[in-house]
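Here is a brisk report on one protein chain. Have the sequence and the model open while you read.

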Amino acid sequence: MKSPTNFVIVESPAKARTLSRILGPKYIVKASMGHIRDLPKSKLGVDTENDFKPQYLVMRDKSSILTELKEGLSKASAVFLATDPDREGEAIAWHLKESICTPRASCNRVTFHEITPEAITAAFNSPREINMNLVNAQQARRILDRLVGYKLSPLLWQKIRRGLSAGRVQSVALRIIVDREREILSFKPEEYWTIEVDLIKHNSTQKFKATLIGQGDKRRISIKTEEQALAVEKDLGSAKYSVSSVGVKEVMKQPSPPFITSTLQQEAYRKLRFTARQTMAIAQQLYEGLPIGTEGSVGLITYMRTDSIQVSGSAISEARKYIERQFGNAYLPKNVRSFTSSVKGAQEAHEAIRPTSVEREPQLIKEYLETNQFKLYQLIWQRMVASQMTAAKFRNTTVDITAKIAESKGAYILRSQQTEHIFSGFISLYVESRDDAEEIKTPPIPELVQNEELHVKGIHKEQRFTQPQPRYSEATLVKTLEQYGIGRPSTYAPILSVVQEREYVTKEKGLFKPTDLGMTVSDMLVQQFPELIDTRFTAQMESKLDKVAVEGIDWVGVVRDFFIPFSNNLTAAEEQLERVPLPVEVSTEYCPQCSKGLLLIKIGRFGKYMECPSCSFRQSFRIRTGVPCPGCPENGELIGRFTKKGKLFYGCSAFPKHAFAINTKPLSEPCPLCGGLVVEVKPGVNACQNPVCEAFKPLRRRSPKPDSSKSHKPPVRKRRTSVKKAGTGMQQASG
């Protein structure tokens, strides 16, 4: 039998398996495991005096892979580079071509946005050359980021402390978080009062609420003090109420377009509480292919790094047929629904994130997916199908009510509103979540007519205070970066991760809060490099990189225009900037060595540590919990500590005599069933640490055990996600 002569290179083994199944035995498919070459880690690797020429080296851990690829290529008559269809994928393909391709075995570039037989066949029937515009755009971004990181980070080491880093986009994201925190800290709440009135019709017992909105000719009223609220309450108590107007209108709510990278990350956080990194890791698995019963390895979604909301005609046709069959004609719009992107520089030639087949319903393949894979796939599937369904229809009723005051012949204006659901349309399948709080639903309004008299049954006044803008969540920060035009689909998840890994920000109740270190770093960068971390400047740079990719403008000129002023600012900062002192906190613990004073909390190269100002005592930073360590013969306490990588864990204070540790927060209240240690697996979800206790066992399970009665079905090989599940460390410790 003649051996295959076609050699295909992709990035990952999972993608290789799926592609191999589709292409058949005439093709050998191998994985490069990402980039083969990169800039050196030990030095800048960019010749700033010679048109920013990059020095690419084969990565140490890729030498054996490169050798294997060269061996495969030597036996092939045709080579296909099938890396991802974005700038990063194009750059990987170019590096592969530069490293292994020869004139004898030319390398063809193939791209596809979904791993399906139809898309793969079309791609391999139409190979093309490497798109150097895309490669140069990626090179320019990589070199810009290297110049900022390798030039600016040493300045932070010199002026603040070692181990810090700065980034062209990372530092802008940090500034956005810090600026919001400063707004919150400087915000001064203002008192105001709201007043609601319970009203009824004549000869009726059905109450409905109306809110005070204006006075006299003014359609707005401001009540600042309790005295004002009491005066208005008194007026309303003696007023005569009548309906001044009744307005009824029908409102159509249209569905959202299918997901792009940013909206997928936002919605996955809102609905599933997935981090951006977790979302992208799971989406990568769904794209590259998972074993689905007798189908084998199947790509379930289209490419997940995209800013386009376009959908292929065949996918729309399939979705419309499904809607008509499953929901009926009432849920199918007469015309195909199309959308216009609001993202700057969106690549409309690409497709939105959608299922590769609408007929592959989430419930039909649920048993083949891990829990998080199923949740994300279901979200993508529902969003795509809903995008082609009819609009939801609502009836909005607005009633304005006049409260006349006899003594002053004045009047107050109140308003009551009601929204009725007439036709569900797309919301019968999918409703997009919101970042802000949902509106409070009011009781139904009875049928009212103009000039109808009403009677007051109760008046409710409430003191309130204005609130500052909330801190950013993952969803709102990604949304803000996208609105500013900062970063691109592939960069959002790394940005959010790195600002946490550098200990520049922490999360409190899912919201980003800058640390003292993060605020210090951001302030210094704002002072010394105001243009570098300006949102408009960074957005303009992204636009220039887009022009390199689309229009082919000179990437060297783009880098040079950035580097010359940046280098001048850097030189001035090195000469003029004094060392920036890090903030020092005072703990509540007295020095165990000299007992003369409270320990100081300082920040060192490996994070926080505690130091006595009166003697030589020093120890790593720890968080007192007051929770006894379970089973400790020394009666130790569980103490929160940080690893060198900044990960928080809780260990026994009597270590090394008692080596007990968990990576979940211990709670002071013992288990109500066994009296054992209870930990917080995630916000609002607790679990008993005792492995034999049944009190919180349902919360501790990762997934339901397979039903042994379904033995006729073939066994399913589960894939391990790259994201650690909550409570993993707790379960390992208890074992």
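The buried residues of helix 17 (555-576) pack against helix 5 (132-159), helix 15 (516-528) and helix 16 (535-551). Contact here means heavy atoms within 4.5 Å. Helices (H or I, at least four residues) and strands (E, at least two) are DSSP runs, numbered from the N terminus.

This is a predicted model, in which local features need pLDDT of at least 70 and side-chain atom pairs count only at pLDDT 80 or more, while totals for chains, interfaces and linings use all residues. Residues are numbered from 1 along each chain as its sequence is written, and side-chain values use heavy atoms, with hydrogens and water left out.

**Helix 17**

Helix 17 has 22 residues. Its first and last C-alpha atoms lie 32 Å apart, close to the expected 32 Å at 1.5 Å a residue. That expected span is 1.5 Å times one less than the number of residues. Among the buried residues of helix 17 are Trp555, Phe562, Phe566, Leu570 and Ala573. Buried means under 20% relative accessible area, with exposed over 50% and partly exposed in between (1.4 Å probe, protein chains only). An α-helix has 3.6 residues a turn, so residues three or four places apart point the same way. Asp554 caps the N-terminal end of helix 17, with a side-chain oxygen 3.3 Å from the backbone nitrogen of Val556.

**The barrel**

Six strands form a closed barrel in the order 9-10-15-14-11-16, with antiparallel pairing. Neighbouring strands of this sheet are turned by 35 degrees against each other on average, direction ignored. Strands pair if DSSP finds at least two bridges between them.

| Strands | Bridges |
|---|---|
| Strand 9 (191-201) and strand 10 (208-215) | Four |
| Strand 10 and strand 15 | Four |
| Strand 14 and strand 15 | 13 |

Leu199 has Phe208 of strand 10 as its bridge partner. Thr211 is partnered by Arg415 in strand 15. Ile401 stands opposite Leu414, also in strand 15.

**Ser312**

Ser312 sits in the loop between strand 13 (297-298) and helix 10 (313-326). Not counting residues up to four places away in sequence, Ser312 touches Glu351 and Arg354. The side chains of Ser312 and Arg354 make a polar contact of 3.4 Å.

**Confidence**

The chain averages a pLDDT (the predictor's confidence in each residue, from 0 to 100) of 87. Helix 12 (371-386) has the highest mean, at 97, and helix 19 (728-734) the lowest, at 31. Over residues 697-735, pLDDT stays under 50.

Note on methods:
Axes fitted to C-alpha atoms, helices over the stretch in contact; angles between N-to-C directions. Polar contact = N/O pair within 3.5 Å; in protein donor to acceptor, adjacent residues only side chain to side chain.
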